[in-house]
Amino acid sequence: MREKLAGNTILYIDTANEETTVSLFEESRVLNEKKWNGRKDLSENLLKEINSILAQSEVNKKDLGGIVVNEGPGSYTGLRIGLTVANFLAWSLGIKIFAGKIENGELLITGDNKNKYILPKYFRQAHITQPKKKFGQKV
């Protein structure tokens, strides 16, 4: 499914790769965009950068029409951080969230929001280690 978002101010978040992108779109044009290497400080700076780009653009969070987030595939940690922030912002502001990407300078929706949240798509299955003992079990 590929459709355009139009008519609202949309926050776009992409944390799937080393280069993190936060953009504001209105109709089909970019209002403001910030890119940085978020590999080492993403969890510390993502919300700061979102707040900064909103302030620079004189857009209040409550005026956002929706959030589009890159669901991956990509960095395990980067996707977890970006999707957690995007899902929380959408939930707390009561706005829609969609999976999407920027292609040829255009913001495209690549998924739906049937569940009202977006889950990550990784390159491969997550490797989750098993605990050596059960919780509460004495050693």
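This is a predicted model: local features need pLDDT of at least 70, side-chain atom pairs count only at pLDDT 80 or more; totals for chains, interfaces and linings use all residues.

Biologist: In what pattern do they follow along the sequence?

Modeller: The order is β-β-β-β-α-β-α-β-β.

Biologist: How much of the protein chain is buried?

Modeller: Buried residues are 40% of the 139 residues. The accessible surface is about 9200 Å², and carbon and sulfur atoms hold 48% of that.

Biologist: What about contacts between residues 24 or more positions apart?

Modeller: They account for 58% of the contacts with a separation of 6 or more in the protein chain.

Biologist: Let's pick a strand. Is β5 mostly covered or open?

Modeller: Mostly covered. Strand β5 spans residues 64–69, and five of its six residues are buried.

Biologist: Which strand do five bridges join to β5?

Modeller: Strand β2, residues 9–14. The two run parallel. I10 has G66 in β5 as its bridge partner.

Biologist: And which strand do four bridges join to β5?

Modeller: That's β6, residues 96–103, also running parallel to β5. Here G66 stands opposite K96 in β6.

Biologist: How does the chain get from β5 to β6?

Modeller: Through helix α2, residues 76–93. This β-α-β crossover is right-handed.

Biologist: New topic: cores. Which residues touch the most other members in the largest nonpolar core?

Modeller: L11, I13, L46, I50 and I67, out of 26 residues in that core. Elements giving two or more residues to the core are β2, β3 (19–26), α1 (42–56), β5, α2 and β6.

Biologist: Which element gives the largest share?

Modeller: Helix α2, with seven residues.

Biologist: Why would nonpolar side chains be buried together?

Modeller: As a general rule, that is how they tend to sit in soluble globular proteins.

Biologist: Back to L11. What is L11 in contact with, leaving aside neighbours within four places in sequence?

Modeller: The list is V22, S23, L24, I50, L64, G66, I67, V68 and L89. Two of those, I50 and I67, are also among the core residues that touch the most other members.

Biologist: Which residues are in the other core?

Modeller: That core lies apart from the largest one and has seven residues, including I10, Y12, F25 and F98.

Technical notes. Residues are numbered from 1 along each chain as its sequence is written. Side-chain values use heavy atoms; hydrogens and water are left out. Buried means under 20% relative accessible area, exposed over 50%, partly exposed in between (1.4 Å probe, protein chains only). Contact means heavy atoms within 4.5 Å. Accessible areas come from the Shrake-Rupley method with a 1.4 Å probe; for residues, only the protein chains shown count as cover. Two strands pair if DSSP finds at least two bridges between them. A crossover is right-handed if, with the strands pointing away from the viewer, the path from the first strand over the helix to the second runs clockwise. A nonpolar core is a set of buried Ala, Val, Leu, Ile, Met, Phe, Trp, Tyr and Cys residues joined through side-chain atoms within 4.5 Å.
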